[in-house]
Amino acid sequence: MTLQTTETGNERAVHIAHDRVGLTHQVLAEAIAEPGFKVADAKAFIRNMAAAGYVKPYGRGRADKRTAHLYRPDAALALGVLLRASEAGFSSIAVRKALGSAMQNWQPGDEPGPLDDIPRSPGTLIIAAYAEGARNFVTDLAFFRQPEMREPLVGVRYRQNSNGMDRGTNFPAETAGLDVRSSWTCPLDPVLAHLMRHKSTTH
């Protein structure tokens, strides 16, 4: 199983959300791989995204003398979104940095409660909520017009539509008052379903 533990239901959700699972490069590549995008391709993509700093491997602890080699579950979700953004033609540094950072880091004003009581990032919270049965998660990538500047400002947020109401993270504070020039939305439910599937084959 990918991104799953031996527990079920709420226990699994809490287990994932609080990062007691470390994903190796191999496991992460198998999770992302799909028909037409083989494990070898996934490994190369992960290496490229990690080398650029969009996702970051880590070591289990100070006593672990090996090179950082594990990835958190939110990195898997970030990579899934980064892959789909690349397929859609979004490959600039600004876009990739915004997509990765917004998934793996809380921004000012986003915290849904005391940090000791919530998952470490929006991505881990989304994974936990999905494992508990929540659905309708999306990524919003928007380009904001900056006065007297040629390049737009990139903003990313993650949200869920529940009972007709949106909730989630916010676009960066510096986008307040700026006009949206264009936008792109990526549904996250298919990404989550693929990452958390029961694998019967390796692509």
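Asp-140, Arg-157, Arg-159 and Asp-166 are linked in a network of salt bridges, a salt bridge being a side-chain nitrogen of Lys or Arg within 4 Å of a carboxyl oxygen of Asp or Glu. The model is predicted: local features need pLDDT of at least 70, side-chain atom pairs count only at pLDDT 80 or more, and totals for chains, interfaces and linings use all residues. Residues are numbered from 1 along each chain as its sequence is written, and side-chain values use heavy atoms, with hydrogens and water left out.

The structure holds five salt bridges. Among them are these:

| Pair | N to O distance |
|---|---|
| Glu-34 and Arg-84 | 4.0 Å |
| Asp-74 and Arg-120 | 2.7 Å |
| Arg-159 and Asp-140 | 2.3 Å |

The side chains of Arg-159 and Asp-140 meet in a salt bridge. Arg-159 lies in strand β4 (residues 153-162) and Asp-140 in strand β3 (residues 137-144), so this pair ties together parts 19 residues apart in sequence. Helices (H or I, at least four residues) and strands (E, at least two) are DSSP runs, numbered from the N terminus. Both Arg-159 and Asp-140 are buried, where buried means under 20% relative accessible area, exposed over 50%, and partly exposed in between (1.4 Å probe, protein chains only).

A salt bridge also joins the side chains of Asp-74 and Arg-120. Since Asp-74 is in helix α4 and Arg-120 in the loop between α5 (93-104) and α6, the pair ties together parts that are 46 residues apart in sequence. Asp-74 is buried, at 1% relative accessible area, whereas Arg-120 is partly exposed, at 38%.

Glu-34 and Arg-84 meet through their side chains in a salt bridge. Glu-34 sits in the loop between α2 (25-32) and α3 (39-51) and Arg-84 in helix α4, 50 residues apart. With 23% relative accessibility, Glu-34 is partly exposed.

Beyond its neighbours within four places in sequence, Ile-32 is in contact (heavy atoms within 4.5 Å) with residues including Phe-37, Leu-79, Leu-83 and His-194.

Helix α6 (residues 122-131) is largely enclosed by the rest of the structure, because nine of its ten residues are buried. Gly-133, which follows α6, has a positive phi, near 115°.
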